[in-house]
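I set out these entries to record what I looked up in the structure, one topic at a time.

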Amino acid sequence: MPLSRIYCVSLLGLEALPVEVEVDVSTAEKLGMVIVGLPDTAVRESKERVLTAVKNGGFQIGSIFCTVNLAPGDLKKEGVFYDLPIAIGLLHSLGLLKDQGRHADYLIVGELALSGELRSISGALAIAMLARKMGKKGILLPAINAKEAALVTGIDTFAIHDLKEAVNFLLRPEAFKPVKIEPHESTFQHGQIGVDFIDIKGQQHAKRALEVAAAGSHNVILSGPPGCGKTMMAKALVGIMPELTMEEALEITRIHSISGLLKEGQSLITKRPFRSPHHTVSYAGLIGGGSIPRPGEISLAHHGVLFLDELPEFSRTVLEVLRQPLEDGQVTISRAQGSFTFPTNILCVAAMNPCPCGYRGHPHKPCKDSEKQIEKYISKISGPLLDRIDMHIDVAPLKHEEMLQTFTSESSEVIRTRVKAARELQYQRFGKVKTNSQLTSPELNRYCSLDDIGLDLMKTAVKSMNLSARACDRILRVARTIADLASSPILDRYHLLEAINFRGPIL
């Protein structure tokens, strides 16, 4: 009986790696199968699923012993991708599938039900990208994941419903049509907005700050008493950010697909993510981790908003791991299997009260906390972490007349128009999709040069606010975004003064 080789994949972090499924069959007194090649529990259990699915698919295999090797042998194999390729290899070795070697032209993945039907898998987009990279003709995978994989151009994606259909495809591929999907610009247009800026009363200063944050992708922290609208404004922020590009949508979809977070039937994420982890989240849950690392909340918010409500309630250990991702736009996690890098290009919004009771500095409600309690509360947020947050905004309590106001403020759609115009200026400036928050030191010198008045303003701000070099750079980045919102090619004193004002003391 011939040895079969079927091409499959293994997911490691956010990457799909090629795996060769070798199947050898010999006669035996009773039916059996063994799987080698560092399989995890889910992979080892696939032998029962495969043998039963083959039998229920109408294939007579008799009494045989099947040895399956997943190569390379030093790569940990996880998940349920291997059921279908093992079954195909088994049938090929038994001579029940004479496909003239066509299986070598395709990546084959899928989990088998006992009936022989195929169930959904994770990471279809990453798998299709690997198939294209390997030069394969196409990919065979469960029908429910086909639209997601079909987003990758340059290869054919075939939707397979069960084992028998996979066999029929390999025998007569010309009888099957590949799945095609072509997203249009309208796919990424904002639909109904959850929280609209038009519904937020008062807080003009904070709303202006969030507009600047959205225009330049600047991290921001909001400090104010309970009920002043911090959470509502953070939720409204996604609605004023520009629509996703196709490239951004594919990146987000790949991360969510590998994490198993795509909804059934969803092929593409078309809206910017908004992630709001609870303050009890672990550091692994926030930045990613595990024996084989998976993306955390900060990577799931890639190209979107990460909202950290009640910031001082988070563990200090958890907060400190945010330093590198906020600075570099990616996080690297090292394990015995190697280093894993996850993207973290996010807009981080944090919200906090000024003290444990929330009313320090409130004009009408007295604070009940002692100085020691306040100091302990705010000490959870370190200076180095605050230094990496571009804008520090004090959100004042609403006045009675603001609560009862009847006039309407600007809608999210109107604000988004200005944000998109400012982003376009940045894309033209850098020649790619890049925002002012990512300005390097040479670019700061080139695009954020100050005249004598501006230099004097910065010197005064540095002395009076005790600013670090990093804080100065962040003020300049924010000022550049304010200038872009005003369509100004240069930074003047007013842009700089507003940026300095957005770096106010919040603690």
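I began with α4 and found the helix mostly covered, seven of its ten residues being buried. Buried here means under 20% relative accessible area, exposed over 50%, and partly exposed in between, with a 1.4 Å probe and protein chains only. Helices (H or I, at least four residues) and strands (E, at least two) are DSSP runs numbered from the N terminus. The model is a predicted one, in which local features need pLDDT of at least 70 and side-chain atom pairs count only at pLDDT 80 or more, while totals for chains, interfaces and linings use all residues. Residues are numbered from 1 along each chain as its sequence is written, and side-chain values use heavy atoms, with hydrogens and water left out.

I listed the buried residues of α4 as Ala124, Leu125, Ala126, Ile127, Ala128, Leu130 and Ala131. I then asked which elements the buried residues of α4 pack against. They are β1 (4-12), β2 (15-27), β5 (106-108), β8 (138-142), α5 (146-149) and α9 (246-258), a contact being heavy atoms within 4.5 Å. After α4 comes Gly135, with a positive phi near 80°.

Next I turned to the nonpolar cores. I took a core as a set of buried Ala, Val, Leu, Ile, Met, Phe, Trp, Tyr and Cys residues joined through side-chain atoms within 4.5 Å. The largest has 105 residues, of which Ile88, Leu90 and Leu163 touch the most other members. Helix α4 (residues 124-133) gives this core its largest share, seven residues. In soluble globular proteins, nonpolar side chains tend to be buried together.

I looked up Leu90 separately. Leaving aside neighbours within four places in sequence, Leu90 is in contact with Val23, Val25, Met33, Leu51, Val54, Ile61, Ile64 and Cys66. Another core, of 53 residues, lies apart from the largest one; among its members are Ala209, Leu222, Ile240 and Val478.

I then went through the salt bridges, each a side-chain nitrogen of Lys or Arg within 4 Å of a carboxyl oxygen of Asp or Glu. The structure holds 26 of them.

Arg316 is partly exposed at 41% relative accessible area, whereas Glu320 is buried at 18%.

What does the bridge between Glu327 and Arg470 tie together? The closest N and O atoms of this pair are 3.4 Å apart. Glu327 lies in helix α13 (residues 323-328) and Arg470 in helix α20 (residues 469-485), so the pair ties together parts that are 143 residues apart in sequence. Glu327 is partly exposed at 36%, and Arg470 is partly exposed at 28%.

I recorded a further bridge between Glu410 and Arg418, at 2.8 Å from N to O. Glu410 is partly exposed at 37%, and Arg418 is partly exposed at 28%. Bridges with shared partners join Glu327, Asp387, Arg388, Asp390, Arg470, Arg474 and Arg503 into one network.

Last, I took values for the chain as a whole. The chain has 21 helices and 18 strands, and 52% of its 507 residues count as buried. Its C-alpha atoms fill a box of roughly 85 × 45 × 45 Å along the principal axes. Among contacts between residues at least 6 apart in sequence, 75% join residues at least 24 apart.
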